[in-house]
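Dear colleague,

I am handing over the structure below, followed by some notes on what was found in it. Please read the notes with the structure open beside them.

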Amino acid sequence: MLDTKPLLFPSSFPAISRGLLQTLQVNLGYLCNLSCTHCHVNAGPKRTELMDLPTVDLVLSYVDRHAIKCVDLTGGAPEMNPHFRYLVRELKRRGVEVIDRCNLTVLLEPGFEDLATFLAQYDVRIVASLPCYEAKNVAEQRGKGVYESSVEALKILNGLGYGDQGHLSLDLVYNPNGAFLPPPQAALEQDYKRELKAAHGIHFDQLLTITNMPISRFGSVLESKGKFQYYLELLKDNFSEQNLTNVMCKSLISVDWQGYVYDCDFNQMLEMPLKLIQQDAIVTDKPRLHLRDILDSDLAGQSIQIAEHCYGCTAGQGSSCGGALD
C-alpha cells in the first residue's frame, strides 16, 4: 500500500481548538469480515489487533471520570472484539448512549446469529454502512454479495423494531465510490428511502453522508491512479469556513485498540496523536498519550492536530461521523 501521509504536509488548514468533550470514539480493533476499498482503517479478516479487557476497563474509567454521555464503537467490525458485549452492557448500565458502527454483514457471520437481538435488547444505536442503494455500486466498494447480505441484515433489524422512528435507531452511511464529494444529504436520503422500500420493504431513520479521506487504503488507491492531488484540490476548492464550527474533533476524542488517544479517527490512522499543552509547553515528552495519561485532564481549549486531510471534513456540506455538518 502506498504511503500518502507525507503528501499531507505542510498544511494550510486553519488552526482549530477543542470545545466541550461529548463523545468518546473507541476503536475496538482492526479485525473485520470485509475489506472495503474506502476503508481508512485498512481493516480486514487477517488483522489481529484487538482491544484487550484491561483497556476496555480503562475506557469505562474514563467514561466515569468525565461523565461521557455517548460512546461510539468502531473498528474493523467492533462486534468481533470478544469484549464488545461486556463493554456495551457496562456502558448501558451507566446510562450512556452507545453507537455501533456496523457493517451489517457481521450480523450473518457464524457465531453472531444472536447479535442483532443483543443490540436491540440494549437499545444500541446502529450506524450501518451501505454505500449505495444499488447492488452494483456496493459490490465495487465492498465485494461481491455484500449488498445482498446487507439487505438480509437490514430486514432482520427491521423485524426487531429498528428504523421505525422509535427508540431503536438505525442510520445508514453513504460513502462515495470515487474521487468526488457526496451529494446533498437530505436529497440522497429520500432516494435511499424510496428505493430500499420499493425494492426490499426496508426502512431506516437517517442517512449520513461521509466524505472519503485521502488517507490509508483510499489514499493509496488515489495515488496509484494518479488522482491524489486532484482529489486534495477538490477538497480544498470546496472548503467552507462555516463548517469549522461543527467539525467532530471539537467535541470528540478517538481511542485506538491499545488505548492511545487522538483528536479523531482519521488522525489515529495517520499516527498523529493528541497533544496536551499547558502554559505553551507540551505536558509530556511521550511520543503519544495514553488514555491513562489524560484521566484527570480537561481537554477544552487544547489545539487539534491538523493536516491537509482535514479539508475532507470541511468541504462542501461538511462531513463528520454524524453525516453532513450543514
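Ring pairs link Phe13, Phe239 and Tyr311 into a cluster, where rings of Phe, Tyr and Trp (its six-membered ring) pair if their centres lie within 6.5 Å, planes under 30 degrees apart counting as stacked, over 60 as edge-to-face and the rest as tilted. This is a predicted model, in which local features need pLDDT of at least 70 and side-chain atom pairs count only at pLDDT 80 or more, while totals for chains, interfaces and linings use all residues. Residues are numbered from 1 along each chain as its sequence is written, and side-chain values use heavy atoms, with hydrogens and water left out.

Eight aromatic pairs turn up in a search of the whole structure. In one, the ring centres of Phe118 and Tyr122 are 4.9 Å apart and the planes stand at 45°, so the pair is tilted. Phe118 counts as buried at 4% relative accessibility, whereas Tyr122, at 22%, counts as partly exposed (buried means under 20% relative accessible area, exposed over 50%, partly exposed in between, with a 1.4 Å probe and protein chains only). The charged end of Arg85 sits over the ring of Phe118, 5.0 Å from its centre (NZ of Lys or CZ of Arg within 6 Å of the ring centre and within 35 degrees of the ring normal).

In helix α7 (residues 216-224), the buried residues include Phe218 and Leu222; helices are DSSP runs of H or I, at least four residues, numbered from the N terminus.

Best regards

Note on methods:
Helices (H or I, at least four residues) and strands (E, at least two) are DSSP runs, numbered from the N terminus.
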